[in-house]
Amino acid sequence: MDKFHIKKISEIDTKKLLQFYQVSFQYEKSILDNYQWRYRSEFNEFEPLILIIDNQICGHAGLIPIDLKINDKKQKAIWFTDFYITSEQRSKGYGKLLAEEWMKICPIQITICNDQSLKVFKKLKWSNNNSFVRRLKIYNYLNIVPTFRKLNKSSFIKDELQDFKLEELNNKTIAKMADLSEHNLLKKSVGLIRDENWFKWRILNCPYKKDFYIFNFKGNFIVVHIKLKNSLKILNIVYSSQPITSSIIKFFSKFSKKKGIDYLSYISNEKKIFDFFLPWQRKLNFACNAENISDTNVLNKNFDDIQFLDSDIDYI
């Protein structure tokens, strides 16, 4: 193993850092360049880490700081995101070393990760489960999209909204969403604290907020993100203040078919018998770790609400 250093991203030259991000992560430019937003740097002092070998950036461990409610107590935590080791330095133990250093930042850590990263977390004795499923509703099986037509809010208004009301994307709506989120959390012993500060960061300050649409359905707030990726037009239900019901899916399915959406996607923790058989119903790897083993057990057993907006799932 060569001599290495692990540094905070604030200690790295910005130009070199952006060059590394461009090579390592396949994000849109607005997300790639805006890494201060991506890692919620204004929330607290927590920072992603960089692995340096022979004066070259060879690894990265990102994070998103959050507040969690665990056993009715507010605690600091971090999402593990953007974990990367350059190909020439893999299988040498650097990934484990970088993750161990990252774990010192905050005593409670959670992540949604791929199978390769999960192997590292298992070596570090993290708990994990597959309680969450990313569900897809596919409307264009041939994957043919001739032209991506930019959608605007007027197209929603002209449609038959039924019990759905399109909300303005502003501070007033965000405040209402935060109030409802905090009210819902009162009923739980564990969960993410999505307060007004969190909603402003994740929605109002988001570099692609123009692609968000907020609906009110019988007092339930639903946020959808419509995007183009790999020539596919995608509708992600990125947030819902209540569990996503068949009525919600029925409405957005009808809308998706009318607007030429190729597929609709959302996260659910509701188990269905066909999850194992359908390849597009993807089970998500949730992993967690805490210095207090009882906190780890509570998170792994009772944490039941993860949505696209919470981590980096919406834009990876």
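**Stop 1: a lysine on the outside**

Select Lys 218: with 65% relative accessibility, Lys 218 counts as exposed. Keep in mind as you go that this is a predicted model.

Lys 218 sits in the loop between β10 and β11, and Asp 163 in the loop between α6 and β8, so the pair ties together parts that are 55 residues apart in sequence. Asp 163 has 46% relative accessibility, so it counts as partly exposed.

**Stop 2: the sheet**

Next, select residues 212–217 and 220–229: these are strands β10 and β11, which pair in the antiparallel sense over 6 bridges. Click on Ile 214 and look across to β11, where its bridge partner is Val 223.

Now show the whole open sheet, 7 strands in the order β8-β10-β11-β12-β13-β7-β14, with mixed pairing. Which strands stand at the edges? They are β8 (164–167) and β14 (282–283), and each has a single partner strand, so one side of each is left without a neighbour in the sheet.

**Stop 3**

Pick Arg 202 in helix α8 and Asp 314 in the segment after α10, 112 residues apart. Their side chains meet in a salt bridge (3.8 Å, N to O). Arg 202 is buried, at 0% relative accessible area, and Asp 314 is buried, at 0% too.

Finish with Arg 38 and Asp 82: their side chains form a salt bridge (3.3 Å, N to O), and both residues are buried.

Key: Residues numbered from 1 in each chain as written. Predicted model: local features only at pLDDT ≥ 70, side-chain atom pairs only at ≥ 80, totals over all residues. Heavy atoms only, no water. Pairing = 2+ DSSP bridges. Helix = DSSP H or I, 4+ residues; strand = E, 2+ residues; numbered from the N terminus. Salt bridge = Lys/Arg side-chain N within 4 Å of Asp/Glu carboxyl O. Buried < 20%, exposed > 50% of the residue type's maximum accessible area, 1.4 Å probe, protein only.
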